[in-house]
Amino acid sequence: MLDLNGKKALVTGIANNRSIAWGIAQQLHAAGAELGVTYLPDDRGRYKDKVEKLVAPLEPSLFLPCNVQDDEQIDALFAAIEEKWGKIDILIHCLAFAGKDELTGDFSNTSRQGYLQALDISSYSLVQLAAKAKPLFKDSGSIVTLTYLGGVRVIPNYNVMGIAKSALEMNVRYLAAELGEQNVRVNGISAGPIRTLASSAVGGILDMIHNVENTAPLRRTVTQTEVGNTAAFLSSDLSSGITGQVIYVDAGYEVMGMSAPAGSEA
Ligand code: NAD
C-alpha cells in the first residue's frame with residue numbers, strides 16, 4: 001500500500017492551482033505525508049498570499065520563502081526544517097525558469113545571461129537543495145525532480161530549457177550514485193506538456209499539447225494528478241528499488257516515432 005504516514009515532505013514550486021507541484025502536494029498529503037511548502041517571494045507578496053491560501057487545506061507545518069538564487073533563503077529554509085522536523089524524508093524539486101525571449105526563435109540566439117540563469121535556477125538548484133537536505137535524511141529518503149522530453153530531443157522553442165533539463169537529468173544520475181549509500185533515492189519524472197504558468201512561456205505550447213493528443217498512445221496529454229501519483233509512488237517504499245531513473249508520465253508519447261496517419265483509430 002502506498003503509505004507516507006510519518007514522512008516529512010518538502011514541496012517546492014507551487015505557484016497556483018495549475019502547478020504540477022500542487023498536484024504532487026495533494027497526492028503526498030492524501031498518502032499521509034506531513035508537508036512543508038515553499039513559495040517564490042516577490043516584492044508585492046502576490047505568490048505568498050496566493051500559495052498560502054491554496055495550500056491551507058493540506059495544513060503544511062512549514063511554509064517558507066525559497067528563491068533558489070538566494071543562498072541565505074535556502075540556508076534559512078533548511079535551518080527551519082532541522083528545527084521543526086529534525087529530519088527530511090522527501091524532497092520535491094518542481095521548479096524551472098528561463099526568460100521568455102529564450103523560449104522562442106533560434107536557439108543560437110540564446111544570450112549568455114539567459115543561458116546561465118536557466119541553468120542556475122532550473123538545474124543547479126537541484127544540486128544545491130540536495131546538498132542541504134543530505135545531512136537531514138536519516139534512514140532513507142527520496143528526491144524527485146521534474147523534467148521534460150526537450151532535455152533529450154529537440155523540441156521547437158524549448159531551446160535553452162532543453163539544455164537545462166539535460167543537465168538536470170545528469171544531476172539525477174550523479175546524485176543517485178552519491179546518495180545511494182545513505183539509502184536516499186533520486187529520480188526524475190518526465191511529464192507530458194501541461195498548461196501552467198511556466199509552460200505558457202514556451203512558444204507554441206498549445207501546438208505541443210495538440211501534437212501529443214494526436215500522437216501519444218493514450219491520445220491525450222497528462223494531468224497534474226497523474227504526475228502527482230507517480231511522485232507519491234517514487235516517494236514511497238513501493239519504489240524502493242528505483243533510483244537514478246527518469247520515468248515518463250507522458251501518455252506514452254516518448255515511444256512514438258511518428259504521428260498516427262490522419263483519421264486512423266488508436
Ligand atoms: P509552474 O509555473 O506552476 O511552476 C514553476 C515554479 O518554479 C513556480 O512555482 C515558480 O515560482 C518556481 N520558480 C521559478 N523561479 C524560481 C526561483 N528562482 N526560485 C524558486 N522557485 C522558482 O509550472 P510547472 O509547469 O508546474 O513547472 C514545474 C516543473 O515541471 C518545472 O521544472 C517544469 O520545467 C516541469 N515540467 C513542466 C511541464 C509542463 O508542460 N508544464 C512538463 C514537463 C516538466
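In this predicted model, Glu-178 has a relative accessible area of 41% and is therefore partly exposed. Its partner in a salt bridge is Lys-134, with 2.7 Å between the closest N and O atoms. Because Lys-134 belongs to the loop between helix 4 and strand 5 while Glu-178 belongs to helix 5, the pair ties together parts that are 44 residues apart in sequence. Lys-134 is likewise partly exposed, its relative accessible area being 31%.

Two further pairs of this kind may be followed along the chain. Asp-75 and Lys-132 join their side chains in a salt bridge of 2.7 Å, N to O. This pair links distant parts of the chain, since Asp-75 is in helix 3 (residues 71-84) and Lys-132 is in helix 4, 57 residues apart. Asp-75 counts as partly exposed at 37% relative accessibility, and Lys-132 counts as partly exposed at 33%. Asp-42 and Arg-46 also form a salt bridge, in which the closest N and O atoms are 2.9 Å apart. Asp-42 is partly exposed at 22% relative accessibility, and Arg-46 is partly exposed at 47%. In total, the structure holds 8 salt bridges.

Arg-185, in strand 6 (residues 184-191), presents another arrangement. This residue is buried but has no salt bridge, and the nearest side chain of opposite charge, that of Asp-237, is 5.5 Å away. A salt bridge requires the nitrogen and the carboxyl oxygen to be within 4 Å. The side chain of Arg-185 does, however, reach backbone oxygens: that of Ser-239 at 2.8 Å, and that of Ile-242 at 3.0 Å from a polar atom of the side chain.

A further arginine, Arg-219, is located in the loop between helix 6 and helix 7 (224-235). Its relative accessible area is 27%, so Arg-219 is partly exposed. Between Arg-219 and Gly-99 there are 120 residues of separation in sequence and 31 Å in space, C-alpha to C-alpha.

The open spaces of the structure come next. The largest pocket has a volume of about 1,100 Å³. Its lining comprises 44 residues, of which Cys-94, Leu-95, Ala-96, Phe-97 and Ala-198 are the closest to the centre of the pocket. Several elements contribute at least two lining residues each: helix 1 (20-30), strand 2 (34-39), helix 4 (112-133), strand 5 (137-147), helix 5 (159-179) and helix 6 (205-215). Sorted by class, this lining contains 29 nonpolar, 13 polar and 2 charged residues.

The second largest pocket has a volume of about 150 Å³. Among the residues lining this second pocket are Phe-107, Arg-153, Val-154, Ile-155, Tyr-158 and Ser-166. Its lining divides into 5 nonpolar, 5 polar and 1 charged residues.

Finally, the structure contains 1 cavity of 30 Å³ or more. The volume of the largest cavity is about 70 Å³. Its lining includes Tyr-148, Leu-149, Ser-190, Ala-191, Gly-192 and Pro-193, together with Val-212, Tyr-248, Asp-250 and Tyr-253. By class, the lining of this cavity has 7 nonpolar, 2 polar and 1 charged residues.

Terms used. Residues are numbered from 1 along each chain as its sequence is written. This is a predicted model: local features need pLDDT of at least 70, side-chain atom pairs count only at pLDDT 80 or more; totals for chains, interfaces and linings use all residues. Side-chain values use heavy atoms; hydrogens and water are left out. On a 1 Å grid over the protein atoms alone, a cavity is a set of points where a 1.4 Å probe fits but cannot get out, and a pocket is an open set with protein on both sides within 12 Å along at least five of seven lines; lining residues have an atom within 4 Å of a point. Grid points are joined across faces, edges and corners, and a volume is the space filled by probe spheres set on the points. Helices (H or I, at least four residues) and strands (E, at least two) are DSSP runs, numbered from the N terminus. Ala, Val, Leu, Ile, Met, Phe, Trp, Tyr, Cys and Pro count as nonpolar, Asp, Glu, Lys and Arg as charged, and the others, Gly among them, as polar. Buried means under 20% relative accessible area, exposed over 50%, partly exposed in between (1.4 Å probe, protein chains only). Lys and Arg count as positive and Asp and Glu as negative; His and the chain ends are not counted. A polar contact is a pair of N or O atoms within 3.5 Å; within protein, one must be able to donate a hydrogen and the other to accept it, and residues adjacent in sequence count only if both atoms are side-chain atoms.
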